[in-house]
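Keep the structure open beside you as you read.

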Amino acid sequence: LEKALAELYLACSEKFPEDSKFWLAICHQEELHAKFIGELAALVSSHPQEFKFGRPFNTVAITTIMSNVKNSMDQVRNGQFDRKRALLMARDIENSVLEAKYQEIVSTDNIEFTKTINRIMRDTASHKNLLAAKIASNQG
């Protein structure tokens with residue numbers, strides 16, 4: 001999902017060059033999140049005794065979100081989104097259940113895991129704030 005989001009934001013940067021820096025910044029963060037999640041999966045696999053599994057992934061929700069991201073990417077590339085609609089779409093994705101609840105999937109006292117999850121959560125909150133500000137500045 002994080003990789004798909006990065007691709008979507010890259011498509012937005014190409015379609016809306018006036019906002020390219022904005023889209024590329026959050027694209028880069030999503031790429032980092034994908035890397036971090038891979039590292040976290042390896043950490044959990046190598047030290048399973050340190051982790052307690054909470055809410056499982058909802059495969060239907062993941063499939064739905066991925067489908068929405070891919071459809072949005074196609075619509076961006078085909079010129080079906082204007083700037084405002086692209087920003088609103090990104091805001092809605094960033095507010096999705098999956099993005100908002102990483103910390104509920106696994107609990108642990110492992111410092112490395114906790115620091116990384118907290119970084120992802122801070123970045124996601126930052127995306128939401130940046131998108132809200134960008135949407136507000138494009139009103140009227």
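Tyr 9, Phe 22 and Trp 23 form one aromatic cluster. Keep in mind that this is a predicted model.

**Aromatic pairs**

| Pair | Centre to centre | Angle between the planes | Arrangement |
|---|---|---|---|
| Phe 22 and Trp 23 | 5.2 Å | 80 degrees | edge-to-face |
| Phe 51 and Phe 113 | 5.1 Å | 65 degrees | edge-to-face |

Are these residues buried or exposed? Phe 22 and Trp 23 are both buried, and Phe 51 and Phe 113 are buried as well. The second pair also links two elements: Phe 51 belongs to strand β1 (residues 51-53) and Phe 113 to helix α6, so the pair ties together parts that are 62 residues apart in sequence.

**Helix α2 beside helix α6**

Two packed helices are described by the angle between their axes and the distance between the axes. On the α2 side, the residues making the contact include Phe 22, Trp 23, Ile 26 and Phe 36; on the α6 side, they include Phe 113, Ile 117, Ile 120 and Leu 130. Sorted by kind, the residues of this contact are 14 nonpolar, five polar and five charged.

**Helix α2 beside helix α4**

Helix α2 also packs with α4, at an angle of about 25 degrees and with the axes 13 Å apart. What does this angle tell you about their directions? Angles under 35 degrees count as roughly parallel, so α2 and α4 are roughly parallel to each other. Here too, the crossing is left-handed. Phe 22, Trp 23 and Glu 30 of α2 meet Ala 86, Leu 87, Ala 90 and Glu 94 of α4. This contact has five nonpolar residues, no polar ones and two charged ones.

**A stop at Leu 88**

Leu 88 sits in helix α4 (residues 83-94). With a relative accessibility of 26%, Leu 88 counts as partly exposed. From Leu 88 to Phe 57 there are 31 residues in sequence and 25 Å in space, C-alpha to C-alpha.

Key. Residues numbered from 1 in each chain as written. Predicted model: local features only at pLDDT ≥ 70, side-chain atom pairs only at ≥ 80, totals over all residues. Heavy atoms only, no water. Contact = heavy atoms within 4.5 Å. Helix = DSSP H or I, 4+ residues; strand = E, 2+ residues; numbered from the N terminus. Nonpolar A, V, L, I, M, F, W, Y, C, P; charged D, E, K, R; others polar. Phe/Tyr/Trp six-rings, centres within 6.5 Å; stacked < 30°, edge-to-face > 60°. Buried < 20%, exposed > 50% of the residue type's maximum accessible area, 1.4 Å probe, protein only. Axes fitted to C-alpha atoms, helices over the stretch in contact; angles between N-to-C directions. Parallel < 35°, antiparallel > 145°, perpendicular 65-115°, else oblique. Left-handed = near helix turned anticlockwise from the far one by under 90°.
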